[in-house]
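This briefing concerns charged side chains and their pairing. Please view the sequence and the structure below before reading on.

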Amino acid sequence: MKESLIIDLNGFITDVILVDDNVSGVFPLYRELPARGTEQPQKAVELIGYTIAVPVPEGLHLPKWDFTQEQWVEGKPADELLVLQKASKLAELKRLCTEAIEGTFTSSALGEEHVYSFDTEAQLNFQSTKELMNMHPNFTQTSWKTRDAGVLMHTKEQFTRLWLDGQMHKTNLIEKFRRLETEVEQAISVDAVNSIRW
């Protein structure tokens, strides 16, 4: 058994029923009308919809059966669809921005390039270590874990440069998100929104 969709005369889904697996296609649905007259009652029927045993493709917000094209199409008005798509794209971009920020960054603070973590815990550790170095003149160096070469010693100057590189990593990605956010807000079609990539 598989699901088949019941649609109204406008093509919108009103219910779901189960049909045999080999059933496919479009079938009219009728209802009986009360007989008129008393001499020879005749059964009259009225078309009230259709049963559609055709799968709905992914990506449709409001599936609608197009009787001319004989296929499922988007039934949500273009302006509403654009609003939904913009909200979805902004959520996607925000997620990707956060993932990029909390990933890794590279710094040449030690003279050669190394890779450093910048997840939430690392960001807090960067900030607290920088504050400690600023508050205590005797705190002149610290060991810091790299992703590519293990734990390495950093002087105060080297750590300050490392901290700045981390902040620039974050700032640049936030600026990228803001640029893309503006592109999404100014887009005038769903295709234009979909073309925006992180």
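A residue is called buried under 20% relative accessible area, exposed over 50%, and partly exposed in between, with a 1.4 Å probe and protein chains only. The model is predicted: local features need pLDDT of at least 70, side-chain atom pairs count only at pLDDT 80 or more, and totals for chains, interfaces and linings use all residues. Residues are numbered from 1 along each chain as its sequence is written, and side-chain values use heavy atoms, with hydrogens and water left out.

**Salt bridges overall**
- The structure holds six salt bridges, each being a side-chain nitrogen of Lys or Arg within 4 Å of a carboxyl oxygen of Asp or Glu.
- Side chains of opposite charge can pair when their charged atoms come close.

**Helix α1**
- Helices are DSSP runs (H or I, at least four residues), numbered from the N terminus.
- E99 pairs with R95 in a salt bridge, with 3.2 Å between the closest N and O atoms.
- These two residues are four apart in helix α1, about one helical turn.
- E99 is partly exposed at 46% relative accessible area, and R95 is partly exposed at 44%.
- A salt bridge also joins E92 and K89 (3.5 Å, N to O).
- Both E92 and K89 belong to helix α1 (residues 78-101), three residues apart, or about one turn.
- E92 is partly exposed at 29%, whereas K89 is buried at 4%.

**Helix α3**
- E181 and R178 form a salt bridge whose closest N and O atoms are 3.3 Å apart.
- Helix α3 (residues 156-186) contains both E181 and R178, three residues apart, about one turn of the helix.
- R178 is partly exposed, with a relative accessible area of 45%.
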